[in-house]
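Dear colleague,

Please find below the structure that I am handing over to you.

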Amino acid sequence: MKLTGKVALVTGGGAGIGRGIALELASEGADVAIADIDPNRAKESAAAVETSGRRGLAITADVSRRADVEGMVEACVRGLGGLDILVNNVGISKGQPFLELEDETWDLVLDTNLKSVFMGSQTAARYWVDHDRRGKIVSISSVDEVLAFPFNAHYNCSKAGIHILTKSMALALAGHGINVNSIAPGLIETEMLRPSMGKAKWQEGLPVKVPLARVGTPADIGKAVVFLACGDSDYVTGTTLYVDGGHMISGASQVLAMFRGE
Ligand SMILES: NC(=O)c1ccc[n+]([C@@H]2O[C@H](COP(=O)([O-])OP(=O)(O)OC[C@H]3O[C@@H](n4cnc5c(N)ncnc54)[C@H](O)[C@@H]3O)[C@@H](O)[C@H]2O)c1
């Protein structure tokens with residue numbers, strides 16, 4: 001048990017990767033607060049945490065709003081007696097072709113995916129500094145922080161922002177004993193991906209895109225979060241861990257294979 005006595009707060013923990021993270025943290029002994037815009041999902045995940053024998057707390061919050069972000073940290077501290085680990089997991093995609101991309105969609109995606117990381121991390125860090133405590137921040141980016149898509153400029157920019165924000169915050173907070181890292185998942189099985197996974201062509205292309213030839217699970221991401229949240233990674237800060245089955249290293253070989261007609 002690597003996280004006994006620790007309290008974690010997972011944003012967007014009501015479903016998908018966030019729920020997987022919450023359950024992996026709980027399985028290592030952490031009590032877990034789940035902040036989600038959907039109150040029912042938050043309650044379901046908190047109940048699942050309790051099933052594993054830890055305390056779970058459901059918090060309703062929209063992480064794109066500062067008042068909600070500050071409220072979720074306060075609720076976690078009040079409800080679970082503190083905060084040791086913040087996982088900034090919320091992310092939305094809202095794909096739109098670049099020529100049709102609207103300001104409102106840009107703002108929504110950037111506020112939800114990136115500004116939320118700034119506000120959440122700042123609020124947690126202020127709590128740790130004010131209370132003379134150490135802390136761990138883990139933010140969920142994506143391989144799309146590097147791999148560009150023509151219909152996802154806004155999502156790409158939000159994830160690239162998390163990449164450099166992680167490094168800026170790691171520098172700013174190192175002197176306070178706060179570690180800041182991010183995880184970039186590849187293809188992970190959640191509601192977002194299931195419709196594509198059913199298609200034969202998609203299945204055929206999978207081993208080309210992903211050297212390990214399988215889609216990842218929320219638990220794969222959760223286990224990486226446990227590493228960055230526990231004492232084993234005390235000397236790790238400002239880094240991005242790619243948890244993608246090799247997706248990021250397959251790009252060049254795909255292009256080469258195309259030129260060779262393989
Ligand atoms: N699924 C993938 O293949 C994949 C790949 C790379 C990165 N990611 C990233 O992983 C993270 C989780 O993705 P997922 O696939 O589990 O998503 P998901 O849509 O399955 O779950 C997201 C959760 O966040 C909640 N949420 C949405 N907007 C919110 C807001 N404003 N405030 C609070 N909660 C909100 C939703 O209610 C939901 O419970 C995201 O940051 C995503 O960009 C996912």
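**Cavity, pocket and helix pair**

One cavity of 30 Å³ or more is found in a search of the whole structure; a cavity is a set of points, on a 1 Å grid over the protein atoms alone, where a 1.4 Å probe fits but cannot get out. The model is predicted, so local features need pLDDT of at least 70 and side-chain atom pairs count only at pLDDT 80 or more, while totals for chains, interfaces and linings use all residues. Residues are numbered from 1 along each chain as its sequence is written, and side-chain values use heavy atoms, with hydrogens and water left out.

The largest pocket (an open set with protein on both sides within 12 Å along at least five of seven lines) has a volume of about 1400 Å³. Of its 49 lining residues, G91, S93, Y155, T190 and M192 lie nearest the centre.

Helix α4 (residues 103–130) and helix α5 (residues 153–173), both DSSP runs of H or I with at least four residues, have axes that come within 9 Å and cross at roughly 15°; the axes are lines fitted to C-alpha atoms over the stretch in contact, with angles from 0 to 180 degrees between N-to-C directions. This makes α4 roughly parallel (under 35 degrees) to α5.

With kind regards

Technical notes: Helix = DSSP H or I, 4+ residues; strand = E, 2+ residues; numbered from the N terminus. Parallel < 35°, antiparallel > 145°, perpendicular 65-115°, else oblique. 1 Å grid on protein atoms, 1.4 Å probe; cavity = no way out; pocket = protein on both sides within 12 Å on 5 of 7 lines; lining within 4 Å. Points joined across faces, edges and corners; volume = space filled by probe spheres on them.
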